[in-house]
Amino acid sequence: MPRVTVINEDKVIETMGMKSLLDVLVENNIYITAPCGGKGSCGKCIVRVNDEPVYKLACQIPVNSDLKVEIINSKPTCEKILVEGAMQELEATPKLKKLFVTPGKLTNASGGLDNLIERALGKQLTFSHNVYKLLSNIYTKNFDEIALVVNENEILDVKSIETSKPVYGVAVDLGTTTVAGYLWDLHEGRRVASSSEMNQQSPYGADVISRINYALEKDEGTGILQNKAVNTVNDVIYNLCSEENIDKKDIYQVLLVGNTAMNHLFWGLSPVSLGMIPYLPITQRGIENRVKELSIDINPEGIVRFLPSIAGFVGSDTVGAVVASKLKEDKNALLVDLGTNGEIVAAGNGQMLACSTAAGPAFEGAKISQGMQAASGAISRVKYENEEFLYNTINKVLPEGICGSGLMEAVALMVKRGVVDRTGRILSPEQILELPLAKRVFKGDDGINRFTLAFPSEGKNSEGVYITQKDIREVQLAKGAVAAGIKVLLSELNIDIIDLENIYLAGAFGNYMDVESVQVLGLLPKIDKQKIIPIGNAAGAGCQMALINEEVNEEVNKIISRIKHIELAANPDFQTVFMQSMYFD
């Protein structure tokens with residue numbers, strides 16, 4: 001049985017063989033960057049094997065014998081994971097709540113303790129076998145008043161007043177790249193803590209298509225991805241409870257939002273129907289189940305629920321963002337969520353339309369030659385002033401790569417200053433008027449021009465940090481898809497860009513990006529910047545609102561029925577608009 005010794009982790013792994021080194025590492029929860037999901041196309045799962053002087057890709061190394069491995073791209077630190085979002089103040093009226101009741105004493109006429117409880121509360125309830133056992137134990141101890149944990153009309157737990165503790169719920173934004181969680185005291189309507197983690201599915205691909213392909217191509221792929229999603233949620237719950245010294249058994253509900261693929265994978269549903277035309281989900285409904293069947297680490301009688309989705313690639317995270325942004329049909333506005341996937345909702349003229357765009361993960365630095373997550377060492381801001389090119393890195397440390405916000409600013413600067421022409425081609429040095437910028441253009445090993453952001457002497461990367469021609473094309477594809485989606489939806493609503501009252505930007509990229517830069521690129525319409533409003537993690541905010549307020553839950557179902565999904569690929573104008581939108585005008 002081959003043994004893999006991972007130097008970085010001081011860990012020895014025994015494996016059956018017949019797997020790639022990448023699979024072995026990921027299955028054993030060892031972090032390694034692999035945006036392409038092991039296809040060999042991104043070139044980022046770099047390792048050194050057996051002290052050899054050359055780097056190799058972990059996804060291309062079969063584990064047939066003992067290996068000593070050094071992972072070159074270490075786990076990023078100090079992630080800029082966006083947790084906060086624009087959340088409305090609401091009265092706490094959760095579906096799951098704690099009720100205090102004094103049922104009275106059993107008599108010949110009472111008909112049982114369950115009848116006494118229902119009469120005292122004035123409503124019919126569902127009693128499980130476990131609840132009857134708890135009631136019998138409490139009654140024999142002669143407690144007059146008891147506390148019930150009730151989900152709508154179902155009793156989940158019974159406590160004596162002396163042992164009753166606060167009842168907590170957790171809202172979770174299960175993103176493709178990051179997962180954010182929020183712990184709430186449901187009785188007091190008070191947020192107690194928030195926490196975030198990287199999605200443990202990330203090494204299986206940076207985008208949902210890569211995850212879907214993994215699930216379909218690998219034996220038990222769906223189960224593996226489900227396990228990673230559940231483990232990530234459990235890690236978030238552990239962090240939340242540790243921060244406030246709360247017992248996980250006092251949490252009775254986990255409510256989640258996420259894109260439709262994340263919804264399927266969390267529940268262990270094969271995403272096969274999402275991976276083929278016309279990309280339809282097994283269900284758009286909000287699935288609910290008991291915790292004990294899913295291994296979520298809260299009270300075993302607790303409830304896990306996912307909010308409903310809109311379409312195959314427009315999920316409940318978009319529903320949450322609509323709730324948080326207060327988007328309505330009577331106001332001309334856009335909601336644009338630019339994360340690992342791109343979702344757009346347009347409102348006005350009495351309608352709401354939604355679409356998803358094949359933007360790819362460029363906005364989060366994936367599939368970019370030296371792209372990285374928004375972590376320590378990522379170039380996140382660039383500018384050119386007084387004939388000097390300047391950049392900032394996250395945590396102000398030496399540059400290692402570039403994240404999504406830095407990429408957009410850099411490409412916008414290249415467009416404005418004539419380093420890149422309207423077709424997206426990086427010009428040769430002699431064609432660039434600004435000499436300090438011209439000196440940053442070099443030919444790569446492929447003989448094609450690239451633009452240097454940080455020279456090798458400035459950072460940790462021996463090659464420096466640069467943007468290639470291929471990176472520019474990735475940006476064009478991403479921004480072209482989003483811009484075309486916006487134009488198609490506005491056309492369907494018969495709304496001109498000048499008539500837009502607001503554009504709400506949701507998600508991490510939308511929160512940190514420079515508005516002027518993305519307008520230069522043509523990603524967003526060129527309207528007054530004051531009308532463009534970042535609303536942070538709106539999906540997480542909407543999920544929290546649904547967790548603590550029953551009326552919001554009812555509103556969610558109404559929103560689903562009012563939003564019409566537009567399949568861009570079926571729109572006769574989309575391809576033409578998309579091609580036009582790829583230009584830098």
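Entry one. I'm working with a predicted model. I picked T5 to begin with and looked across to β5, where T5 stands opposite K68. Strand β5 covers residues 67–71, and three bridges join β1 to β5. The two run parallel.

Entry two. I then asked which residue in β2 is the bridge partner of T5. It turned out to be V12. Strand β2 takes in residues 11–14, and its pairing with β1 is antiparallel, over four bridges.

I checked what lies between β1 and β2: they form a hairpin, with four residues between them. D10 sits in the turn and has a positive phi of about 50°.

Entry four. Which residues of β1 are on the covered face, and which on the uncovered one? In this strand, residues 3–6, I found V4 and V6 on the covered face.

Helices next. Two packed helices are described by the angle between their axes and the distance between the axes. For α4 (residues 208–217) and α6 (residues 260–267), I noted an angle of about 35° and axes 10 Å apart. The crossing of α4 past α6 is left-handed.

Entry six. I looked up who meets whom there. From α4 come V208, R211, I212 and A215, and from α6 come A261, M262 and L265. Sorted by class, this contact has six nonpolar residues, one charged and no polar ones.

Definitions and conventions
Residues numbered from 1 in each chain as written. Predicted model: local features only at pLDDT ≥ 70, side-chain atom pairs only at ≥ 80, totals over all residues. Heavy atoms only, no water. Axes fitted to C-alpha atoms, helices over the stretch in contact; angles between N-to-C directions. Left-handed = near helix turned anticlockwise from the far one by under 90°. Contact = heavy atoms within 4.5 Å. Nonpolar A, V, L, I, M, F, W, Y, C, P; charged D, E, K, R; others polar. Buried < 20%, exposed > 50% of the residue type's maximum accessible area, 1.4 Å probe, protein only. Pairing = 2+ DSSP bridges.
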